[in-house]
Every structure is written in C-alpha cells, then in structure tokens.
Amino acid sequence: AKHLLGIETLPPAAITALLDRADHYVDLSRSDNKHGDALAGLTQINMFFENSTRTQASFELAGKRLGADVMNMAMQASSIKKGETLIDTAVTLNAMHPDLIVVRHPQSGAVDLLAQKVNCAILNAGDGKHEHPTQALLDALTIRRNKGRLHRLNIAICGDIAHSRVARSNIMLLGKMENRVRLVGPPTLMPSGVAELGVEVYDDMAQGLEGCDVVMMLRLQRERMDGGFIPSEREYFHRYGLDADKLSHAAPDAIVMHPGPMNRGVEIDGAIADDPRVSVIQEQVEMGVAVRMAAMDLLAQNLRAARAAQGAA
Ligand code: CP
C-alpha cells in the first residue's frame with residue numbers, strides 16, 4: 001500500500017508482517033545504538049492539528065532513529081491561523097518533496113482526503129472518531145508479546161466507545177485476527193450500528209470482564225461529546241472505572257491496557273494503572289515507537305519500489 005490510513009483496508013497478513021518488523025525495532029530501540037537507515041535520505045513531516053504527547057513524540061523518534069530528516073509543523077504558528085485550508089497546507093508542503101507526512105486531525109475522513117491530494121505516503125495519526133491505526137497496531141504488538149499470540153483471546157474494550165477512534169481501529173484489528181471482542185460501557189457511550197461490528201456488548205463491568213485475557217480502558221472523550229451526555233466523574237468511576245474489585249472478574253493473568261492519556265480516578269484507578277503485575281501501559285508507549293518505525297519502513301520500501309518502477313517505465 002502507498003498510505004497507512006486505517007485498519008479497515010489492512011489484510012491480516014499485512015498486520016502480521018508489520019508486527020514482525022516492529023519486533024525487530026523493539027530490539028534496536030533497546031540497544032545502545034538505536035539507529036537504522038531505512039529512512040535515510042527521506043523527509044518526514046509531522047502535522048498535528050490536535051494535541052498529542054505519545055503519537056507525536058513516537059513518530060518523531062521513529063523517523064529520527066531510522067535516519068529521516070524530520071520536520072514538526074507547529075500548526076498553532078502556521079498559516080492555518082490565517083485561514084489557509086488543510087488541503088492548501090498539505091499541497092504547499094507537498095511541493096517541498098516530503099516522502100512521508102504524518103497527520104492528526106479532529107475531522108473524521110480528513111486524512112483520507114489529504115492522501116488524495118499529495119504524492120507522498122500519508123500516515124494517519126488519528127482522525128476524529130474514525131481511525132487511529134498505529135495505536136491499534138501498537139496495542140496488538142503489546143498483546144502478542146504478553147500473551148504469546150494474537151488470536152482466540154477474550155478482549156474487553158471498556159468505556160467511551162462511541163467517541164473513540166482507538167476503539168474503532170482495535171475492534172477491526174482484533175476481529176480480523178479472530179479474537180472475541182467485548183465492548184463494555186454505558187449504552188449512551190456505545191456507537192450506533194454496534195450489532196454489525198461482530199462484538200458482544202455489556203453495560204456491566206463484572207459481566208463484561210468475566211474471564212477476559214485483556215482489559216483495555218478508554219478515556220471519556222469529552223472534547224467530542226458535543227454537549228450531549230457527559231457523566232459525572234464520581235458516578236462513572238463507581239460503575240465503569242477499573243479498580244481491583246472489577247478486575248477480579250477477569251482471568252487471573254489478565255493484562256490491563258490504556259492508550260493514554262489517562263484520567264486517573266475516572267476510567268481507571270491509579271493503583272491499577274501503576275501495578276506492574278497487571279498494567280502494560282508503559283510497554284504500550286514503548287511499542288508505539290517500534291510500530292511507527294515499522295510502518296514508515298514498510299511504506300518507504302513501497303515508495304522506493306514505485307519510484308524505481310516509474311523510472312524504469
Ligand atoms: N494514545 C494517543 O494517541 O495518545 P496521544 O494523544 O498523547 O498521542
């Protein structure tokens with residue numbers, strides 16, 4: 001593929017190949033010499049129209065570790081503030097011959113649209129409520145490394161599913177890899193058309209977590225709630241926040257995940273998040289760098305092959 005826009009169009013074999021490549025980059029990132037040359041000579045531009053800590057930092061580190069020239073566009077200081085559109089901004093940057101553009105945008109579909117206007121590889125770093133493919137891939141890598149496999153697992157995704165691109169990409173990826181996915185949360189925070197997703201739905205944490213191998217908690221995405229249902233934090237934590245009591249219903253060797261940023265005492269008890277016996281939250285962050293290195297490596301290989309074919313034609 002030319003771009004990484006979502007999990008929806010990614011076949012299972014491509015997911016496995018990317019995770020295998022990412023395993024290699026975990027080893028490289030843990031070594032004293034973290035540098036590879038898969039992106040040497042290439043230019044990577046990061047355009048984040050929404051706040052980010054993990055995704056922005058890991059894409060930047062991933063590009064630098066693989067030898068790319070990395071430029072972070074300061075969107076707050078860009079001509080977007082003077083009314084320039086997303087597309088005009090992208091077309092302008094495209095004229096500077098980047099090879100990879102990483103984009104996060106609050107509008108669902110904005111990244112797909114942008115991919116049609118440029119001739120470099122586009123990576124979706126999260127678009128609205130639509131997709132966050134590299135998050136689902138780093139979650140998959142974390143699960144595979146902890147459970148020794150990425151199939152036939154019981155996985156509960158809990159909380160604000162309706163507004164979560166992380167949930168959407170994970171539901172698709174984990175379903176493609178033949179896992180049993182359960183969604184647990186208040187009915188008001190379930191997406192419409194949930195029956196078509198091939199998942200089980202629960203509004204009770206004890207029932208939803210029963211025997212689960214993986215418990216994935218999600219933040220309340222208040223910025224996407226449009227003034228609709230916003231639960232009180234106290235009541236929400238009482239019913240849906242992950243604490244030791246609720247976790248006791250999961251399998252004894254269950255792992256706890258959270259994509260971050262976390263709101264402690266809202267969707268998760270800080271003691272669970274910090275417990276190294278169950279929490280793999282920091283490992284998810286580590287896997288994020290390796291997955292983004294692998295994604296850009298594979299896209300760069302495709303880009304070089306396409307250019308070579310064009311040159312030969
Ligand atoms: N998980 C995630 O996307 O985190 P950031 O918003 O900090 O990038």
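Helices and strands here are DSSP runs, numbered from the N terminus; a helix has at least four residues and a strand at least two. By that count, K82 falls in the loop between β2 (69-73) and α3 (86-94). The model is predicted.

**Ligand surroundings**
- The residues around the ligand are S52, T53, R54, T55, R104, H132, Q135, P259 and G260.
- By class, this shell holds one nonpolar, six polar and two charged residues.

**Polar contacts and burial**
- S52 places a polar side-chain atom 2.6 Å from an oxygen atom of the ligand.
- R104 also has a polar side-chain atom by a ligand oxygen atom, at 2.9 Å.
- With G260 the backbone takes part: one of its polar backbone atoms is 3.1 Å from a nitrogen atom of the ligand.
- The ligand exposes 260 Å² when taken alone, and the protein buries 92% of that.

**Annotated binding site**
- An unreviewed UniProt entry gives the feature "binding site" at K82, R165 and R219.
- These positions span 138 residues in sequence, and their farthest two C-alpha atoms are 32.5 Å apart, so they do not all gather at one spot.
- R165 and R219 are included in the lining of the largest pocket.

**Annotated domain**
- For residues 2-144, UniProt (unreviewed entry) lists "domain: Aspartate/ornithine carbamoyltransferase carbamoyl-P binding".
- That span is 41% helix and 17% strand.
- The C-alpha atoms at the ends of residues 2-144 lie 26 Å apart.

Technical notes
Residues numbered from 1 in each chain as written. Predicted model: local features only at pLDDT ≥ 70, side-chain atom pairs only at ≥ 80, totals over all residues. Heavy atoms only, no water. Near = heavy atom within 4 Å. Polar contact = N/O pair within 3.5 Å; in protein donor to acceptor, adjacent residues only side chain to side chain. Areas by Shrake-Rupley, 256 points an atom, 1.4 Å probe, with all protein chains shown as cover. Nonpolar A, V, L, I, M, F, W, Y, C, P; charged D, E, K, R; others polar. UniProt positions renumbered as here; feature names shortened; annotations may be inferred. 1 Å grid on protein atoms, 1.4 Å probe; cavity = no way out; pocket = protein on both sides within 12 Å on 5 of 7 lines; lining within 4 Å.
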